[in-house]
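Biologist: I would like to learn how to read a model of this kind, feature by feature. Please give the general idea where there is one, and then the case at hand.

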Amino acid sequence: MSGPLLLENRRERARFWTAPEGGGTDLLDADFFTHCYGRHDHDCYAIGVITRGSERFAYRGGVHVAGKGDIVVVHPGEIHDGEAAIDEGWSYKMLYLPPGVLTPEDASPTAPLPFFPSPVIRDPELARRLIGLHDALGDAPEGLGRQSLMKLAADDLVRRHSSGPATPAPRRREPRAVARAREALEAAFPHPVQLDDLAEAAGVAPLYLIRAFRQATGLPPHAWQGQRRLRHAQGLLRQGRPIADVAIDCGFADQSHFTRAFKRLTGVTPGRYRSGSYKTGGPDRL
């Protein structure tokens with residue numbers, strides 16, 4: 001595992017690294033004051049404990065506030081953001097757990113993922129265990145102890161606070177126009193796309209496409225394309241590719257533009273992400 005790395009930016013601090021447990025688990029330990037996450041999703045469970053202050057985030061049609069000692073759970077594929085809820089900002093320890101970590105051992109391979117009805121959980125004992133797991137994945141030697149801590153914490157979280165299979169946030173069925181637009185954006189990656197051209201490919205008017213796309217995916221087309229670029233960039237950074245090359249390959253105007261966009265959605269710079277995850281072999285995630 002690559003060792004934790006420290007980033008200082010005024011009063012803000014963020015450590016990012018990847019542990020091999022769970023098939024590749026990303027971890028973040030941060031103090032934020034003015035940082036605001038853009039709307040995004042993950043391909044994993046984002047699970048954390050607030051250790052100072054308070055965070056506010058929009059998720060599954062509501063706005064939620066988590067304070068010191070609260071556990072935050074965000075499902076894979078769910079659009080959300082994040083910012084300070086008070087002037088003092090917030091600190092937290094985040095674990096980005098691959099979905100399989102939270103799947104019961106006796107579940108069938110096709111079983112739906114556990115669903116957590118509340119994104120903010122008050123469970124002081126479990127919060128302490130999650131903090132202990134987070135710390136162990138950064139400091140303790142790899143091996144049986146860390147693996148056991150992960151298994152036990154994941155099992156307790158599911159047993160105590162899940163309530164059946166995961167369900168997507170309420171949205172309309174994806175119109176065929178949105179599906180065609182997504183295909184066009186994928187095919188054009190990482191090149192710029194004009195709205196009129198995208199609407200023509202989708203077979204609808206531009207304004208209708210913007211509204212339908214946001215309704216179906218939670219993001220407007222340009223933001224969806226930007227997140228797609230950043231996901232691809234994460235994979236290239238994990239391979240150790242130079243940051244300037246990654247910025248160009250993923251369609252960003254320059255390295256500065258890439259760095260700003262990357263930090264807004266991950267909390268760390270591309271350099272810190274690359275150093276923390278390079279050669280770990282973990283999965284891409286945002």
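Modeller: We can start with a helix pair. This is a predicted model, and in it the axes of α4 and α5 come within 9 Å, crossing at roughly 80°. Angles from 65 to 115 degrees count as roughly perpendicular, so α4 is roughly perpendicular to α5.

Biologist: Which residues of α4 and α5 meet?

Modeller: On the α4 side they are Leu-195, Asp-196, Leu-198, Ala-199 and Ala-202; on the α5 side, Pro-206, Leu-209 and Ile-210. Sorted by class, this contact of α4 with α5 has seven nonpolar residues, one charged and no polar ones.

Biologist: At what angle do the axes of α3 and α5 cross?

Modeller: Helix α3 (residues 176–188) and helix α5 (residues 206–217) have axes that cross at roughly 90° and come within 9 Å. From α3, the contact takes Ala-177, Val-178, Ala-181, Arg-182 and Leu-185. Its α5 side consists of Leu-209, Ala-212, Phe-213, Ala-216 and Thr-217. The classes in the contact of α3 with α5 are eight nonpolar, one polar and one charged. Leu-209 is listed in the contact with α3 and also in the one with α4.

Biologist: Next, the backbone. Which peptide bond is cis?

Modeller: Most residues other than glycine have a negative phi, and most peptide bonds are trans. Here the bond from Phe-189 to Pro-190 is cis, its omega being near 5°. Pro-190 sits in the loop between α3 and α4 (195–202).

Biologist: And what is phi of Arg-60?

Modeller: Phi of Arg-60 is near 50°, which is positive although the residue is not glycine. Arg-60 belongs to the loop between β5 (45–59) and β6 (62–67).

Biologist: Now the empty space. How should I read it?

Modeller: Rolling a probe the size of a water molecule over the atoms shows where empty space is left. In this model the largest pocket has a volume of about 400 Å³. Its lining has 19 residues, and those nearest the centre are His-222, Ala-223, Gly-226, Gln-227 and Arg-264. Two or more lining residues come from each of β4 (37–40), α6 (221–238) and α8 (255–266).

Biologist: Which element gives the largest share of that pocket's lining?

Modeller: Helix α6 does, with seven residues. By class, the pocket lining divides into eight nonpolar, seven polar and four charged residues.

Biologist: How many cavities of 30 Å³ or more are there?

Modeller: A search of the whole structure finds one. The largest cavity holds about 260 Å³ of space. Of its 24 lining residues, Tyr-37, His-40, His-42, Tyr-92 and Tyr-96 are closest to the centre. Elements giving two or more residues to this lining are β3 (25–32), β4, β5, β7 (71–74), β8 (80–84), β9 (90–97) and α8. The classes in the cavity lining are 14 nonpolar, six polar and four charged.

Biologist: Finally, confidence. What is the mean pLDDT of the protein?

Modeller: The mean is 89, and 89% of the residues reach 70 or more.

Biologist: Where does pLDDT stay under 50?

Modeller: Over residues 280–284; the model has 14 contacts for them beyond four places in sequence.

Technical notes:
Residues numbered from 1 in each chain as written. Predicted model: local features only at pLDDT ≥ 70, side-chain atom pairs only at ≥ 80, totals over all residues. Heavy atoms only, no water. pLDDT = per-residue confidence, 0-100. Contact = heavy atoms within 4.5 Å. 1 Å grid on protein atoms, 1.4 Å probe; cavity = no way out; pocket = protein on both sides within 12 Å on 5 of 7 lines; lining within 4 Å. Points joined across faces, edges and corners; volume = space filled by probe spheres on them. Helix = DSSP H or I, 4+ residues; strand = E, 2+ residues; numbered from the N terminus. Nonpolar A, V, L, I, M, F, W, Y, C, P; charged D, E, K, R; others polar. Axes fitted to C-alpha atoms, helices over the stretch in contact; angles between N-to-C directions. Parallel < 35°, antiparallel > 145°, perpendicular 65-115°, else oblique.
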